[in-house]
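Take a walk through this model with the structure open beside you.

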Amino acid sequence: MTHSSRRLRRGAVTAVAVGVLMVPTAGGAAFGAPAFVPSAAASADPPSPSDSSASGFQELTPAVRQQIDEAVQKVQQEAKVPGVTVGVWTPDKGNYVRSFGVADKSTGQRMTPDLFTRIGSETKTFTVTALLQLVDRGKVTLDDPIGKYISGVPNGDTITLRQLAGMRSGLYNYSEDPDFFKALTTDPQRPFTPQELLNYAFRHPVLFPPGEKFSYSNTNLILLGLVIEKESGRRLSDFIRTNILTPAGLDDTSFPDDAAFPTPHAQGYTNQTATGKVEVSTDWNPSWGWAAGAMISTLQDLRIWARTVATGILPDGRTMVSPATQKQRLTTPPTTIPGAGYGLGIFDVQGWIGHNGSLPGYESLTIYLPSARATLVVVLNTDIGQDDTEPSTLFGQAITKIITPEHVFDLPAQPAAR
């Protein structure tokens with residue numbers, strides 16, 4: 001298997017977490033974009049017994065902001081990231097929103113906080129939320145075997161929906177398949193059907209008995225997407241829009257049916273290509289990620305989503321997922337990564353709850369720290385790693401070392417583990 005095909009597994013999501021890319025240092029000086037002025041609904045936080053001062057969260061003073069600026073620019077330069085936007089929001093320690101570098105290397109267009117971006121594996125948090133809503137409606141149970149809904153799945157009579165959502169199914173990850181990688185990179189505009197993706201996975205033997213251990217696999221989410229469609233009677237994109245995006249007020253988040261990409265957006269740069277050379281992947285068809293990685297969003301929507309998915313509560317105070325079901329989502333058994341647990345489509349890394357995302361040309365990180373009611377979102381326009389580490393992780397680590405030294409986000413990439 002080529003290095004590129006191994007890395008593509010990260011594409012629809014994360015390092016064994018979440019996540020796809022060599023880019024010259026972005027031209028032009030970094031610049032600070034004005035912070036968003038959030039709506040009341042987006043910015044409201046319910047009363048919490050947790051005092052953020054007890055969480056070790058640093059107040060975002062001018063000196064701390066300068067430290068963040070310098071840390072972000074250092075990572076950007078060392079990892080050769082063209083453009084990056086960082087947002088930090090707290091109820092009582094201040095906010096920080098800045099963009100650095102360029103959105104388009106050919107024109108020099110600057111990176112700005114208002115750009116749409118592909119979010120890769122953060123899609124998983126939406127797909128699993130849809131599944132949990134069906135659990136609350138009594139349509140499915142987490143301990144149902146996948147074979148009850150989808151035929152032809154290896155070990156389908158013993159792999160449960162819970163194990164699929166928790167990355168403990170043992171099913172081979174289709175995006176690691178060399179033939180899949182060749183098909184995608186030969187014609188990045190081609191559409192893939194969910195069944196085609198499953199066919200790439202099912203030609204391989206299962207890796208281990210269900211539930212035995214953690215192993216990140218995009219195949220799991222394709223199956224869950226099909227379950228949602230079957231039991232809801234609706235297309236996955238429609239179900240997510242009606243039951244999650246609209247109630248949460250995520251007006252700039254979408255689940256595309258093709259390569260359409262709202263404007264404005266940054267150009268994406270990847271080396272997960274047929275030649276291994278850096279190419280612009282902006283208009284690649286994301287259907288290959290589908291329920292595991294096809295969605296599009298913005299910094300502001302991800303800011304809202306971070307808290308919503310971590311709490312199960314919509315911005316207006318209504319329940320998105322019942323407390324009992326949300327508790328199961330946030331039960332995060334250990335993974336192979338020290339300090340990182342994975343629940344039902346969500347990570348807990350040193351107390352930060354959320355997910356990262358990556359696919360050719362784009363990466364994102366959306367996490368929430370309950371003890372401080374703080375949110376961190378990072379979006380960038382490359383997936384080219386540095387020393388086998390996701391650029392989004394490098395930014396997350398550098399920033400949290402400053403703002404939450406007791407909760408440093410560290411999600412090291414492993415080969416074939418996005």
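Which residue takes a positive phi just after H9? Gly249 does, with a phi of about 75°. Helices here are DSSP runs of H or I with at least four residues, strands are E runs of at least two, and both are numbered from the N terminus.

First, the ground rules. This is a predicted model, in which local features need pLDDT of at least 70, side-chain atom pairs count only at pLDDT 80 or more, and totals for chains, interfaces and linings use all residues. Residues are numbered from 1 along each chain as its sequence is written, and side-chain values use heavy atoms, with hydrogens and water left out.

Confidence comes next. The chain has a mean pLDDT (the predictor's confidence in each residue, from 0 to 100) of 88. Of its residues, 85% reach 70 or more. Residues 9–54 fall below 50, yet this stretch has 186 contacts (heavy atoms within 4.5 Å) beyond near neighbours in sequence. Residues 414–418 also stay under 50.

Back to H9, residues 236–248. Its expected span is 1.5 Å times one less than its number of residues. Buried means under 20% relative accessible area, exposed over 50%, partly exposed in between (1.4 Å probe, protein chains only).

Now the rings. The whole structure holds nine aromatic pairs. Rings of Phe, Tyr and Trp (its six-membered ring) pair if their centres lie within 6.5 Å; planes under 30 degrees apart are stacked, over 60 edge-to-face, the rest tilted. Tyr216 and Tyr342 are edge-to-face, at 6.2 Å and 80°. They link distant parts of the chain, 126 residues apart: Tyr216 is in the loop between H7 and H8, Tyr342 in strand S7. Tyr342 also pairs edge-to-face with Phe347, at 4.4 Å centre to centre. Tyr342 is buried at 0% relative accessible area, Phe347 at 2%. Elsewhere, Tyr174, Phe180, Phe192, Tyr200 and Trp288 form one aromatic cluster.

Charges sit over rings too (NZ of Lys or CZ of Arg within 6 Å of the ring centre and within 35 degrees of the ring normal). Lys105 is over Tyr269, 4.5 Å from the ring centre. Arg118 lies over the face of Phe261, at 4.2 Å.
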